[in-house]
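Dear colleague,

I am passing on the structure below, together with some notes on what was found in it. Please read them alongside the model.

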Amino acid sequence: MGVAIGAIIANVVGLCLCTILSVVGLVLGIVAAVTYESSPQTSKICAIISYALFGVGAIIYIILLLMYGGVGLWSLMQGGSYTGY
């Protein structure tokens, strides 16, 4: 049951980072938590898929963060003036 709860928590954090894959992961984590008693193997598979989706979403978030940061830095290096707002 701990793996399913961990999947739910990880995907809630992913939702805070605004990754859309976390919605699917959150649903799979809830399914894993609900089906734990009746089918532990299915629960484990759902939790693993949930963790994988969280990982993919986190990697996409980091890549986008680096891209946007790089574009902003490139803009400043090219002589663009920073006006604050």
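In which helix is I63 found? I63 lies in helix α3, residues 40–77, where helices are DSSP runs of H or I with at least four residues, numbered from the N terminus. The model is predicted, so local features need pLDDT of at least 70 and side-chain atom pairs count only at pLDDT 80 or more, while totals for chains, interfaces and linings use all residues. Residues are numbered from 1 along each chain as its sequence is written, and side-chain values use heavy atoms, with hydrogens and water left out.

I63 has a relative accessible area of 44% and is therefore partly exposed, a class lying between buried (under 20%) and exposed (over 50%), with a 1.4 Å probe and protein chains only. I49, which is also placed in helix α3, counts as partly exposed at 40% relative accessibility. The C-alpha atoms of I49 and A7 are separated by 9.1 Å, although these residues are 42 apart along the chain.

As for the helix packing, α1 (residues 2–16) and α3 pack at an angle of about 20° with their axes 9 Å apart, the axes being lines fitted to C-alpha atoms over the stretch in contact and the angles running from 0 to 180 degrees between N-to-C directions. That makes α1 roughly parallel to α3, a term for angles under 35 degrees, whereas those over 145 count as roughly antiparallel. Helix α2 (residues 21–34) crosses α3 at roughly 160°, and their axes come within 8 Å, so α2 and α3 are roughly antiparallel to each other.

Conventions:
Helices (H or I, at least four residues) and strands (E, at least two) are DSSP runs, numbered from the N terminus. Angles under 35 degrees count as roughly parallel, over 145 as roughly antiparallel, 65 to 115 as roughly perpendicular and the rest as oblique.
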